[in-house]
Amino acid sequence: MSRDAGTIDEVAAKSNTPAIVTVGDQLYWAYANLAMAHAAVEKGTSRYGALHYMIRSRLYNGLKSGSMQIGRLAQDERLKMILPQACCYCASTTCLAADHLIPRKRGGADTGDNLVWACRSCNSSKGACDALEWLAKQNRFPPLLLLRRYLKLAIEFSSANDLMNVPLTEAPELPFVLTAIPILFPPPADMRLWVGSLLESA
Ligand SMILES: [Zn+2]
């Protein structure tokens, strides 16, 4: 019993991973993992348990079969109104500008759903890089609520463009970066809902 929780979590996460073949498989599996992580982090749980794995598998199967839907972006819009105005990457409250989470240049939507606050420093460091790729380069796992927004935008785009059933190997160039979307999540203790201490619960 000397193995640490992270190792066990990782083994369990790997063993339960379904075959990820299509764009939809990848996006829904990431979204189901996100829901699992959100449930654990929100309750302050340090490691995943049977309940969390059940949340994940039910949601994944439900999304795949069409009996369940991803949450509406409107819920995240409401959250935006509640959160203090701060950079979504570092929580700075100075030199803020609206940033497209999925860049316009890559085909990201020019809608409020795709807009987040970013400070000048993060914005210039990120440059033309995709937000998830940029965070991964710094070895940072995205705050769960930021990832949720990203995934919803990616799922909406893919559904609207009939890409959900396209095999990953045949996926065209997309506004978001499929390879940057996490499939394995760290233990709950290593994740947070939002940057800084701006949000106690959501
Ligand atoms: Zn920043």
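# Helix packing and core of a predicted model

Helices (H or I, at least four residues) and strands (E, at least two) are DSSP runs, numbered from the N terminus.

The model is predicted: local features need pLDDT of at least 70, side-chain atom pairs count only at pLDDT 80 or more, and totals for chains, interfaces and linings use all residues. Residues are numbered from 1 along each chain as its sequence is written.

## Confidence and overall layout

The mean pLDDT of the protein chain is 87, and 89% of the residues score at least 70. Over residues 1-6 pLDDT stays under 50, and the model has five contacts beyond four places in sequence for this stretch. Two residues are in contact if their C-beta atoms, placed from the backbone, lie within 7 Å.

The protein chain has seven helices and two strands, in the sequence pattern α-α-α-α-β-β-α-α-α. Of the contacts in the protein chain with a separation of 6 or more, 74% are accounted for by residues 24 or more positions apart. Of its 202 residues, 31% count as buried. A residue is buried if 20 or more other C-beta atoms lie within 10 Å of its own, exposed if 12 or fewer, and partly exposed in between, with C-beta atoms placed from the backbone.

## The nonpolar core

A nonpolar core is a set of buried Ala, Val, Leu, Ile, Met, Phe, Trp, Tyr and Cys residues joined through C-beta atoms within 7 Å. The largest such core has 43 residues, and those with the most contacts inside it are Leu 27, Tyr 31, Ala 32, Leu 34, Tyr 150 and Leu 151. At least two residues of this core come from each of α2 (23-42), α3 (50-65), β2 (115-119), α6 (131-137) and α7 (144-160). The largest share, 13 residues, is supplied by α2.

Axes are lines fitted to C-alpha atoms, for helices over the stretch in contact, and angles run from 0 to 180 degrees between N-to-C directions.

| Helix pair | Angle | Axis distance |
|---|---|---|
| α2 and α7 | about 155° | 10 Å |
| α2 and α3 | roughly 150° | within 8 Å |

Angles under 35 degrees count as roughly parallel, over 145 as roughly antiparallel, 65 to 115 as roughly perpendicular and the rest as oblique. α2 and α7 are therefore roughly antiparallel to each other, and α2 and α3 are likewise roughly antiparallel.

A crossing is left-handed if the near helix is turned anticlockwise from the far one by less than a right angle, and right-handed if clockwise. The crossing of α2 with α7 is left-handed. On the α2 side this contact includes Val 23, Leu 27, Leu 34 and Val 41, and on the α7 side it includes Leu 144, Leu 151 and Ser 158. α2 passes α3 in a right-handed crossing. Residues of α2 that meet α3 include Tyr 28, Tyr 31, Ala 32 and Ala 39, and their partners in α3 include Ile 55, Leu 59 and Leu 63.

Leu 144, in helix α7, counts as buried because it has 22 C-beta neighbours inside 10 Å. Apart from residues up to four places away in sequence, Leu 144 touches Leu 34, Ala 37, His 38, Val 41, Met 191 and Leu 193. Between Leu 144 and Met 191 there are 47 residues in sequence and 7.4 Å in space, C-alpha to C-alpha.

Leu 63, in helix α3, also has 22 C-beta neighbours inside 10 Å and so counts as buried. Beyond four places in sequence, Leu 63 is in contact with Tyr 28, Tyr 31, Ala 32, Met 68 and Ile 70. Leu 63 and Tyr 31 are 32 residues apart in sequence, with their C-alpha atoms 9.3 Å apart.

## Positive phi in two loops

Most residues other than glycine have a negative phi. Ala 91 is not a glycine, yet has a positive phi of about 75°. Ala 91 lies in the loop between α4 (73-82) and β1 (96-100), and counts as partly exposed because it has 17 C-beta neighbours inside 10 Å. Asn 139, also not a glycine, has a positive phi of about 60°. Asn 139 is in the loop between α6 and α7 and, with 6 C-beta neighbours inside 10 Å, counts as exposed.

Conventions: pLDDT is the predictor's confidence in each residue, from 0 to 100.
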